[in-house]
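Okay, thanks for coming, everyone. Let me put this one up on the screen and then walk you through a few spots.

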Amino acid sequence: MPVPWEALIPFGLLTAMFGVAGTLLNASAHVQNQGKGPRYNTDAWDEMMMDRDKRLTGHKRGQRSDPVAPEGFSTSSQWYTEKTR
Amino acid sequence: MSLFHDPATASTPYKDPTPLPDNVPKVAEVGTTSAPLKSASFFIGAHCKEFNEDFMLCKQENRDPAHCLKEGRRVTRCAADLINKLRENCFKEFEEHWSCLEYNNQEFYPCRKPEKALNKCVFEKLGLSKTIPGTPEGKTPVHELENPIFKRQQK
């Protein structure tokens, strides 16, 4: 008796599409966070520190352990706004 | 009207229109980002306790920024000094611990193994140890528990 394998095609399609979508989402999250998983449960403190990391390294997940800040760090805070007319 | 110019997209470097007067000594800011700073946090607390407490009490008197500049400079110098010492003496353990923190949402509980190695190295070379201030009397601190409840899923 021939097995109705065509009936299993939709299941295969669903599995493949869920799998591809999930993999791409995971890859996108990793690429956006420089190879690490995304931060979760961040509070205002963590957001502030990630902002500071962006000022120090250029990316909000970048890390450096130099004790001295690069040139221009002390004046790059967002509190400095330029008054124009 | 006020405009904010993002320093990342600016074409010319920012020139501070109101720099501090020359009689204020210049101290370089601490350039460590969040993960190494969190890794070194308890050691900064142990090493710089007096300066930090001075600064906090000074701020409690008066929150004007100009009032606590001297204590602030001391805090910055002490923290930068400790980061320097950590890098000179225990660079590998330090880097391993803060890399582990970065991979785990900057939480301490999955990174106890690198933390034990770092604590051991820092205690031997710098004489600083990590104490958690709110630990209940008679109970082991959470970083010294042998079988913690919150741990990594995988070994």
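This is a predicted model: local features need pLDDT of at least 70, side-chain atom pairs count only at pLDDT 80 or more; totals for chains, interfaces and linings use all residues.

Residues are numbered from 1 along each chain as its sequence is written, chains are lettered from A and ligands numbered from 1 in the order in which they are written, and side-chain values use heavy atoms, with hydrogens and water left out.

Back to Gln34(A): its phi is near 55 degrees, positive in a residue other than glycine. Most residues other than glycine have a negative phi. Gln34(A) is partly exposed, at 41% relative accessible area; with a 1.4 Å probe on protein chains only, buried is under 20%, exposed is over 50%, and partly exposed is in between.

Over in chain B, Gln106(B) has a positive phi too, about 55 degrees, and is not a glycine.

Arg39(A) lies in the loop between α1 (9-32) and α2 (44-57) of chain A, and is buried at 16%. Its side chain makes a polar contact with the side chain of Asn105(B) at 3.0 Å, and another joins it to the side chain of Asp46(A) at 3.5 Å. For the record, a polar contact is a pair of N or O atoms within 3.5 Å; within protein, one must be able to donate a hydrogen and the other to accept it, and residues adjacent in sequence count only if both atoms are side-chain atoms.

Next, helix α5 of chain B, residues 112-126. Its 15 residues reach 20 Å from first C-alpha to last, close to the 21 Å expected at 1.5 Å a residue, taking 1.5 Å times one less than the number of residues. Its buried residues are Arg112(B), Pro114(B), Glu115(B), Leu118(B), Asn119(B), Cys121(B) and Val122(B). Their cover includes α1 (34-39), α2 (41-47) and α4 (69-103) of chain B. Just after the helix, Gly127(B) takes a positive phi of about 75 degrees.Last stop, Cys78(B), in helix α4 of chain B. What is Cys78(B) in contact with, leaving aside its neighbours within four places in sequence? His47(B), Cys48(B) and Phe51(B). Cys78(B) counts as buried, at 6% relative accessibility. Its C-alpha is separated by 20 Å from that of Ile132(B), 54 residues apart along the chain.

Definitions and conventions:
Helices (H or I, at least four residues) and strands (E, at least two) are DSSP runs, numbered from the N terminus. Contact means heavy atoms within 4.5 Å.
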